[in-house]
Structure formats: structure tokens, C-alpha cells
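Visitor: I would like to learn how to read the core and the helix packing of a protein model. Could you take me through one?
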Amino acid sequence: MTALWIAHVKVTDAAAYGEYASRATVAIADHGGVFLARGGAYEQLEGPDRPRNVVARFPSLQAAHDCYHSTAYQDALSYAKGASQRELCIVEEFA
């Protein structure tokens, strides 16, 4: 079953977060991830407002997990720390 990587982000340092996004894009693609939503219009209905919302689909829950824990993604993530407030989860899709 495929899995979705769902992130809600408030960017506090655009330059550093831009570096994260560039590097993370490569790591995500290397694990079979494709973006379904990345920024764009949204409507916050509940919870904290995070104006950047990202959804990526991976071939499996394991692929999404492996991506997050990969050296390439962890390197990218070092640029996001201190440059954003984020929530991220992986959710298995229905077949």
C-alpha cells in the first residue's frame, strides 16, 4: 500500500528553509516520493495555522520511513531545524 507524507510548516527563515526544500526534494524523489501538494492555497479549519502544507506519496510506508531516516534527508532536515515550526506524519493509504 502507498503512504502519504503529510507536513504542516510555518517557515521562520526563508533562506535556510529554501536550502532544506532543495535538498529534501532530491531525497524524497530518490525514495520514490512524488509531491501531491506543496504550498498553494489552503483553508485552516482546526489546529495551529501552518501556511505551508506538503503532501507526498511514497510507494509504501517503509519507503516513506526509509526516506525520513536516510542520510540525505537528515542532512536536508538540518537546514529546517531553527528555520521552521513543523509537524510531519506518515499515513498509509487505503488500497
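This is a predicted model: local features need pLDDT of at least 70, side-chain atom pairs count only at pLDDT 80 or more; totals for chains, interfaces and linings use all residues.

Visitor: How many residues does the largest nonpolar core have?

Guide: In soluble globular proteins, nonpolar side chains tend to be buried together. A nonpolar core is a set of buried Ala, Val, Leu, Ile, Met, Phe, Trp, Tyr and Cys residues joined through side-chain atoms within 4.5 Å, where buried means under 20% relative accessible area with a 1.4 Å probe and protein chains only, exposed over 50%, and partly exposed in between. Here the largest has 20 residues, and Trp5, Tyr17 and Ile28 are among those with the most contacts inside it. Helix α1 (14–30) is one of the elements that supply at least two residues, and α1 gives the most, with six; helices are DSSP runs of H or I, at least four residues, numbered from the N terminus.

Visitor: How do α1 and α3 cross?

Guide: Two packed helices are described by the angle between their axes and the distance between the axes. The axes, lines fitted to C-alpha atoms over the stretch in contact, with angles from 0 to 180 degrees between N-to-C directions, come within 7 Å and cross at roughly 165° for α1 and α3. These two helices are therefore roughly antiparallel to each other, a label for angles over 145 degrees.

Notes:
Residues are numbered from 1 along each chain as its sequence is written. Side-chain values use heavy atoms; hydrogens and water are left out. Angles under 35 degrees count as roughly parallel, over 145 as roughly antiparallel, 65 to 115 as roughly perpendicular and the rest as oblique.
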